[in-house]
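Hi everyone, thanks for making time this morning. I'd like to walk you through one structure, so please have a look at the screen.

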Amino acid sequence: MQDRIHVAVVYGSVRDGRLCDRVGGWVLAQLDARSDVSVSVLDPREQRANGYAALKGQLERADAFIVVTPEYNHGYPAALKELLDAAYTEWHGKVAGFVSYGAHSGGIRAVEQLRQVFAELHVATVRGGVALVDVWDRFDAHGALTEPEAAQRAFGTMLTQLTWWARALRAGRRIAPYAELAS
Ligand SMILES: Cc1cc2nc3c(=O)[nH]c(=O)nc-3n(C[C@H](O)[C@H](O)[C@H](O)COP(=O)(O)O)c2cc1C
């Protein structure tokens, strides 16, 4: 479907043994059930290994971003900042939502910091999101989320907001390229 919103899922961690793969896998499974979105993954681990040359094109194709991030020392990972800083105009005029995870905070301090960074990148952020508290207790041995209902509901709300903004912004970018507004 040509009208599909293209969502780039941005991973936050490059740590060996990272739980980002589990949380990201859950996010991809939620998106897989939706016929109104197409999906790609931006993984800072791959970008670091292969260089950032392809990143700008991958960002240009995206209408929206879902950032899957842990919290490290009350902030977000350095590898995620490196990826965010590797492009500029290609982020502009898009929208982002968050799926965060961590210990007691569920990563919400990382998310609040990322909202400031995205403002500078001309990316709107949606209010709805998923925050997984004590993430290491949240998945069973098969990698499935235990007690998934609340997280699924929160993800659905976030995605509804994200796709609304993504459609509106795509229409806006077609009327007038966003670059003309950015300074
Ligand atoms: C260096 C480091 C710092 C951390 N700091 C926090 C923190 O400030 N708040 C929190 O809720 N969890 C914190 N955690 C727990 C992580 O969010 C949790 O281990 C998560 O699984 C890390 O993501 P990853 O496995 O995908 O790398 C920290 C973990 C690490 C490795």
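The ligand takes up the space of the largest pocket. Keep in mind as we go that this is a predicted model.

At C20, a backbone N or O atom sits 2.9 Å from an oxygen atom of the ligand. With S105 we move to a side chain: one of its polar side-chain atoms is 3.2 Å from an oxygen atom of the ligand. How much of the ligand does the protein bury? On its own, the ligand would expose 630 Å², and the protein buries 78% of that.

The model has 5 aromatic pairs, and I've picked one to show you, W26 with F155. Why is this pair called edge-to-face? The ring centres are 5.5 Å apart, and the planes meet at 75 degrees; a pair counts as edge-to-face when that angle is over 60. Where do the two partners sit? W26 belongs to helix α1, residues 20-32, while F155 belongs to helix α6, residues 149-175. The pair therefore ties together parts that are 129 residues apart in sequence.

H122 has a phi near 60 degrees, which is a positive value in a residue other than glycine. You'll find H122 in the loop that runs between α5 (108-120) and β5 (123-132). The other is E147, with phi near 45 degrees, again positive and again in a residue other than glycine. Where is E147? Look at the loop between β5 and α6.

That's my tour, and I'm happy to go back to any of these spots on the screen.

Note on methods
Residues are numbered from 1 along each chain as its sequence is written. This is a predicted model: local features need pLDDT of at least 70, side-chain atom pairs count only at pLDDT 80 or more; totals for chains, interfaces and linings use all residues. Side-chain values use heavy atoms; hydrogens and water are left out. A polar contact is a pair of N or O atoms within 3.5 Å; within protein, one must be able to donate a hydrogen and the other to accept it, and residues adjacent in sequence count only if both atoms are side-chain atoms. Accessible areas come from the Shrake-Rupley method with a 1.4 Å probe; for residues, only the protein chains shown count as cover. On a 1 Å grid over the protein atoms alone, a cavity is a set of points where a 1.4 Å probe fits but cannot get out, and a pocket is an open set with protein on both sides within 12 Å along at least five of seven lines; lining residues have an atom within 4 Å of a point. A molecule sits in a cavity or pocket if more than half of its atoms lie within 2 Å of its grid points. Rings of Phe, Tyr and Trp (its six-membered ring) pair if their centres lie within 6.5 Å; planes under 30 degrees apart count as stacked, over 60 as edge-to-face and the rest as tilted. Helices (H or I, at least four residues) and strands (E, at least two) are DSSP runs, numbered from the N terminus.
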